[in-house]
Amino acid sequence: MDEASGSVTAVLLAAGAGTRLAPLTDEWPKPLMPVGGRPLLQIWLDDLWTIGVRSVVVNVHHHRREMLDFLNRPRFRNWVRVFEEERLLGTAGTLRACRGFLVGGPTLLAHADNLCRCHLADFVAAHRERPGGHVATMMTFDTETPESCGIVETDAAGTVVAFHEKAHDPPGRRANGAVYLLQPEVLDWLDDHPGVTDFSTGVVPEFLGRIGTWHNVNVHRDIGTPAMLAAAQNDPDPRSTNAPTGGDDWDQWFKDHPIHQMVGELGRGGGEV
């Protein structure tokens with residue numbers, strides 16, 4: 001176990017519908033789309049296990065049955081909790097509702113339907129070494145489509161001083177990866193502002209000047225369209241993993257699932273099913 005990550009709790013957001021991936025998501029949840037043969041959510045969970053995170057909360061809503069079948073397995077027992085949302089609460093709303101599951105140290109918040117190829121241990125280390133006064137660390141990446149992302153401006157120390165969410169003409173291409181490490185102070189603020197439901201638009205602007213950044217120089221990809229999911233199959237992976245090995249009945253069943261063929265056809269057919 002990486003001792004530096006031992007007290008980190010993670011909240012993985014995995015409840016969305018993934019409508020842009022239809023018809024793939026008509027029958028199969030976006031967070032379980034295969035990337036290199038593995039469900040995307042499993043990549044996140046394997047990475048968190050590898051760096052020593054032993055407390056994870058995953059929210060579910062769309063394709064609830066398939067998500068529960070994946071999560072309620074022995075390999076995730078005692079360290080992955082499932083938070084079922086009867087209605088979608090929004091990114092900030094989910095974090096607020098999960099407060100009781102969190103251990104009191106830093107909380108890693110991430111969208112588990114994005115592919116993140118990086119060394120998460122370095123991200124955690126950067127947060128541990130953050131300047132005084134910082135209450136959060138944001139993962140950033142360079143995007144080719146800045147108008148579709150939240151673009152950040154930082155000072156010389158890497159502190160977020162301005163934020164532009166999906167602006168028509170943003171000032172640069174350094175984007176918010178929507179992966180954060182948060183101190184309890186941010187969660188306290190959420191408790192005091194129950195009307196805030198979206199994290200990027202409702203929380204980030206309130207903490208400008210107190211959010212540091214860590215830049216992912218590897219791969220950060222939204223797999224939300226067929227073309228992006230197809231491209232993700234060839235993304236390089238810089239990490240080594242010490243995640244639990246060995247399959248179970250679900251793994252064997254998943255190997256023969258038709259979603260693999262459907263995703264494979266994306267690459268052969270120019271990004272369309």
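Me: How are residues numbered, and what pLDDT do local features need?
Reply: Residues count from 1 along each chain as its sequence is written, and side-chain values use heavy atoms, with hydrogens and water left out. Since the model is predicted, side-chain atom pairs count only at pLDDT 80 or more, totals for chains, interfaces and linings use all residues, and local features need pLDDT of at least 70.

Me: How many aromatic pairs are there?
Reply: Rings of Phe, Tyr and Trp (its six-membered ring) pair if their centres lie within 6.5 Å; planes under 30 degrees apart are stacked, over 60 edge-to-face, and the rest tilted. By this rule the count is 12.

Me: What kind of pair do Phe-70 and Trp-250 form?
Reply: Both residues are buried, meaning under 20% relative accessible area with a 1.4 Å probe and protein chains only (exposed is over 50%, partly exposed in between). Their ring centres are 5.0 Å apart and their planes sit at 70°, so the pair is edge-to-face.

Me: How many residues apart in sequence are the parts that Phe-70 and Trp-250 tie together?
Reply: Helices (H or I, at least four residues) and strands (E, at least two) are DSSP runs, numbered from the N terminus. Phe-70 is in helix 3 (residues 64–71) and Trp-250 in helix 9 (residues 249–255), so the parts tied together are apart by 180 residues.

Me: Which ring does Arg-54 lie over?
Reply: A charge sits over a ring if NZ of Lys or CZ of Arg is within 6 Å of the ring centre and within 35 degrees of the ring normal. Arg-54 is at 3.6 Å from the ring centre, over the face of Trp-49.

Me: What arc do the buried residues of helix 6 cover?
Reply: Those residues are Val-186, Leu-187, Trp-189 and Leu-190. The arc is that of the directions from the helix axis to the C-beta atoms. The four are on the same side of helix 6, because their arc around the axis is only 155°.
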